[in-house]
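Below is a short briefing on one model. It moves from the overall fold to the ligand sites, then to strands and local backbone features.

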Amino acid sequence: MENIIKDIDIINGAEANACDFQTTLEENPESAKKLYIESYGCQMNFSDSEIVASIMKDQGYGTTSDYTKADVIFLNTCSIRDKAELTVRKRLSQFNHIKTQNPDLTIGVLGCMAERLKDKLLEEEKLVDLVVGPDAYRDLPKLVSEAEEGQKGVNTFLSREETYADISPVRLNSNGVSAFISIMRGCDNMCSFCVVPFTRGRERSRDPRSIVLEARDLFGKGFKEVTLLGQNVDSYKWSPEENNKARLNKKEDSVEKIIHFADLLEMVAEIDPGLRIRFSTSHPKDITDEVLYTMKKYDNICKYIHLPVQSGNDRILKLMNRTYDREWYLQRVRKIREILGDDCGISSDMIAGFCSETEAEHRDTLSLMDIVRYDFSYMFYYSERPGTLAAKKYADDISPEVKKRRLQEIIEKQNQLSLSRNRQDIGKVQEILVEGPSKRSDQQLKGRNSANKVVIIPAGKFKKGDYVHVKIVDCSSATLFGEIID
Ligand code: SAH
Ligand code: SF4
Ligand code: F3S
């Protein structure tokens, strides 16, 4: 999933992140009632759908990949850009005809659009029965049964505590090798362009013991890689006082000291050297040297950091309320290179055409990209979001044409950088984790190296879940090609 999003983003640039959807697997074909979930937006949303599937499974719902067979359809939605919301609106209109054919069908809008629009969604989209925000999924069984009685429902309560720590997700988005683990929810950063603090609420960290248990359980089931997810993983923090509040309260293993992200990484890395650890997203203001040293200490923590810069210009960064400047960011990148070396993958998110951005300021973004030499980026043009600080304070005054042209320049720059970074890998021997057959041919396998790059190899005797040593022999801007050497 992540790979598809990444490829599309690099090739087509903007918005792919927000348009991909995922149908569900036949998780429990015998169950009487069927749930169909489609997920949009970020990895956190995909991870939430797995929690939703688990809550519904306890009510006897199995998942289906065929929405025409479903009793309940959920769209887990994203509000990050206007286009993301439009995609969901279009999708809803496609469901109109099945609702006419099957009036008993329940249709729910979950996630960030539900949180942003609340009961307005029920007025605007007549076929919708339920509107449920990201912290209210435990209420889904009740709301669904009320909907079955013909009563529409809304729950968009945002919590300061909910982390779904005790819920064991149904792995819908997984290839059986790699899985997501949410380690925190919400965001307190208030970047001026961003809707997430409004749709996801206050930042809160999940009990580290429940995270380790989940990772250990996954490894026991044959998974080889976990990605720890949060909007800002570097501000993960669990303090001993929270032991008392935790659902997983067991006196004998209470946490005695404050756990920061570096400690959590270490706890997960210690589970087994055969379990790879990834994480996303790192905020440049928060990523500490301790995190970098912990990454260095453990071979099984992947050498890859998603460190979104958004803009390379100090005035724009200030308007964006990112709370770091260009020099701070570049100093963080130098530290990454110093501690983890040049092979550590670094990627970014970029916004083209933010309010009042001049040509010279846009060129600062391009020049910063040249200095950092990102391996890849997710690239967008600015989309004003109602209710955000930027929407209230600044005019969205860059024309769509200029935004698109600037975005195109950023994409072209990134394509050149990706190709040159990938060329640097040719001749190197790397360990990859095989994820399955390649899209093009079943004679080839697709894997990923530590730096999160996709590597295609001849199938040989290997299968998904294997670690393989390969020599990189060729590349494109999106992919490496390797030969097996063991
Ligand atoms: N927590 C992450 C970002 C989550 S949103 C971080 O701080 O880096 C993912 C990306 O969407 C952002 O990094 C930003 O590049 C983009 N984005 C967010 N709001 C946007 C908007 N209003 N218009 C365009 N892109 C936006
Ligand atoms: Fe949005 Fe900023 Fe929070 Fe990221 S850190 S989710 S961009 S407010
Ligand atoms: Fe979108 Fe919400 Fe994620 S707005 S990017 S689904 S947190």
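**Overall fold**

The protein chain holds 18 helices and 21 strands. Its radius of gyration is 22 Å, close to the 23 Å that the globule rule gives for 486 residues, so the chain is as compact as a globular protein of that length. The model is predicted.

- The C-alpha trace spans about 65 × 55 × 50 Å along its principal axes.
- Of the 486 residues in the protein chain, 60% are buried.

**Ligand 1**

- The shell around ligand 1 counts 15 residues. Q231, P308, Q310, D349 and S383 come nearest.
- By class, this shell has seven nonpolar, four polar and four charged residues.
- Two strands each supply at least two residues of the shell: β15 (345-352) and β16 (376-381).
- D349 brings a side-chain N or O atom to 2.5 Å from an oxygen atom of ligand 1.
- Q310 places a polar side-chain atom 2.6 Å from an oxygen atom of the ligand.
- S383 uses its backbone: an N or O atom there lies 2.7 Å from a nitrogen atom of ligand 1.
- On its own, ligand 1 has 540 Å² of accessible area, and the protein covers 92% of that.

- Strand β7 covers residues 178-182. Five of its five residues are buried, so β7 is largely enclosed by the rest of the structure.
- In a regular strand the side chains alternate between the two faces of the sheet.
- Both faces of β7 are covered. S178, F180 and S182 are buried on one side, and A179 and I181 are buried on the other.
- β7 pairs with strand β10 (residues 225-229) in the parallel sense, over five bridges.
- Within that pairing, F180 has T227 of β10 as its bridge partner.

- β21 (residues 479-484) runs parallel to β19 (residues 454-458), and three bridges join the two.
- I456 has F481 in β21 as its bridge partner.
- β21 also pairs with β20 (residues 467-475), here in the antiparallel sense over five bridges.
- In β21, L480 stands opposite C475.
- β20 and β21 are joined by a hairpin through three residues.

**The cis bond at S280**

- Most residues other than glycine have a negative phi, and most peptide bonds are trans.
- The peptide bond from S280 to T281 is cis, with omega near 10 degrees.
- S280 sits in strand β13 (residues 276-280), while T281 is in the loop between β13 and α13 (289-297).
- Is S280 buried or exposed? S280 has 13% relative accessibility, so it counts as buried under the 20% cut-off.

- K118 is not a glycine, yet it has a positive phi of about 50 degrees.
- K118 lies in the loop between α6 and α7. Its relative accessible area is 34%, so K118 is partly exposed.
- D119 is found in the loop between α6 (112-117) and α7 (120-124).
- At a relative accessible area of 48%, D119 is partly exposed.
- The C-alpha atoms of D119 and N155 are separated by 8.9 Å, and the two residues are 36 apart along the chain.
- R373 also has a positive phi, about 60 degrees, although it is not a glycine.
- R373 belongs to the loop between α16 (359-372) and β16. With a relative accessible area of 26%, R373 is partly exposed.

Conventions:
Residues numbered from 1 in each chain as written. Chains lettered and ligands numbered in written order. Predicted model: local features only at pLDDT ≥ 70, side-chain atom pairs only at ≥ 80, totals over all residues. Heavy atoms only, no water. Near = heavy atom within 4 Å. Polar contact = N/O pair within 3.5 Å; in protein donor to acceptor, adjacent residues only side chain to side chain. Areas by Shrake-Rupley, 256 points an atom, 1.4 Å probe, with all protein chains shown as cover. Helix = DSSP H or I, 4+ residues; strand = E, 2+ residues; numbered from the N terminus. Nonpolar A, V, L, I, M, F, W, Y, C, P; charged D, E, K, R; others polar. Buried < 20%, exposed > 50% of the residue type's maximum accessible area, 1.4 Å probe, protein only. Pairing = 2+ DSSP bridges. Rg over C-alpha atoms; globule rule 2.2 N^0.38 Å.
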